[in-house]
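Please keep the viewer open as we go.

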Amino acid sequence: MKIVLLGPPGAGKGTQAKELAKRLKLAHISTGDLLRQNVSKDTALGKEAQGYMNKGALVPDELVSKMLIERITRADVKDGFILDGFPRTIAQAETLDAMLRDNKMMIDLAVYLDSTEKVIIQRLSGRLVCSKCGANFHITNMPPKINMVCDGCGSSLYQRSDDKEETIRRRLDVYKKESAPVIQYYEAKGKLERINADLDAGVVLDEIIRLAK
Ligand SMILES: [Zn+2]
């Protein structure tokens with residue numbers, strides 16, 4: 001089973017993807033993690049990405065795609081994967097399909113986590129991120145065991161500067177504009193399922209699992 005998780009920032013993609021991977025025994029592939037891993041392991045692709053990041057530029061799609069190809073051809077992906085954070089644009093969706101075709105794979109299901117602006121703002125404005133491993137916590141919904149310290153690696157947590165209300169609204173506008181064609185793309189292929197992601201995380205998880213079966 002190969003699943004893509006779509007949805008605006010704050011819809012819970014990361015949390016859901018991690019749980020789904022465990023429950024469905026699939027590989028969790030997050031392009032954010034993939035990028036961080038390549039950079040920290042200083043791979044050839046990571047070095048190239050670092051060059052863009054040093055200049056404050058976005059890492060190009062082509063480079064992210066190369067990291068994805070390398071990842072989806074590893075042994076732990078043979079039963080499938082959950083892709084989180086990709087594709088964000090129609091160009092990325094097409095790249096992904098071409099890449100999968102080359103490896104005799106295809107996306108089986110695209111899940112759109114649909115969340116209202118009000119809930120997203122409530123979630124994101126309380127979000128805390130680990131400065132080292134990137135794990136997410138929440139001031140009220142998922143507080144760390146020790147105040148401002150990561151449960152996983154013990155590093156300090158911080159609030160991202162783009163998790164402020166006004167910035168969140170802007171990010172949501174950008175997301176809506178970019179993602180509408182991606183949603184249509186999967187809808188046209190008959191692969192899209194929409195889920196109300198304002199609901200409790202456990203309810204959303206069960207719903208995705210039901211769709212994946
Ligand atoms: Zn951590």
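A residue is called buried when its relative accessible area is under 20%, exposed when over 50%, and partly exposed in between, using a 1.4 Å probe and protein chains only. By that scale C130 is buried, because its relative accessibility is 3%. C133, at 36% relative accessibility, is partly exposed. A disulfide would require a pair of cysteine sulfur atoms within 2.5 Å, and the count by this rule is zero.

A word on the ground rules: this is a predicted model, where local features need pLDDT of at least 70, side-chain atom pairs count only at pLDDT 80 or more, and totals for chains, interfaces and linings use all residues. Residues are numbered from 1 along each chain as its sequence is written, and side-chain values use heavy atoms, leaving out hydrogens and water.

Now to the helices. Helices (H or I, at least four residues) and strands (E, at least two) are DSSP runs, numbered from the N terminus. Take α3, residues 44-54, whose buried residues are L45, G46 and A49. These residues sit on the same side of α3, because they cover an arc of only 95° around the axis; the arc is taken from the directions from the helix axis to the C-beta atoms. Their cover includes α2 (31-40) and α4 (61-72), where contact means heavy atoms within 4.5 Å. On the face turned away from the buried side, α3 carries the exposed residues A44, K47 and N54. Just after α3, G56 has a positive phi of about 75°.

In the neighbouring numbering, K55 lies over the face of Y52, at 5.3 Å from the ring centre. For such a placement, NZ of Lys or CZ of Arg must be within 6 Å of the ring centre and within 35 degrees of the ring normal.

Next comes α8, residues 201-212. Its twelve residues reach 17 Å from first C-alpha to last, close to the expected 16 Å, a span given by 1.5 Å times one less than the number of residues. V204, L205, I208, I209, L211 and A212 are buried in α8. Because the buried residues fall within an arc of 160° seen down the axis, they line one face of α8. They pack against β1 (2-6), α1 (13-24), β4 (109-114) and β8 (192-196).

Finally, the aromatic rings. Rings of Phe, Tyr and Trp (its six-membered ring) pair if their centres lie within 6.5 Å, with planes under 30 degrees apart called stacked, over 60 edge-to-face and the rest tilted. The count is one aromatic pair. Y185 and Y186 are edge-to-face because their ring centres are 5.2 Å apart and their planes stand at 90°. Both Y185 and Y186 are buried.
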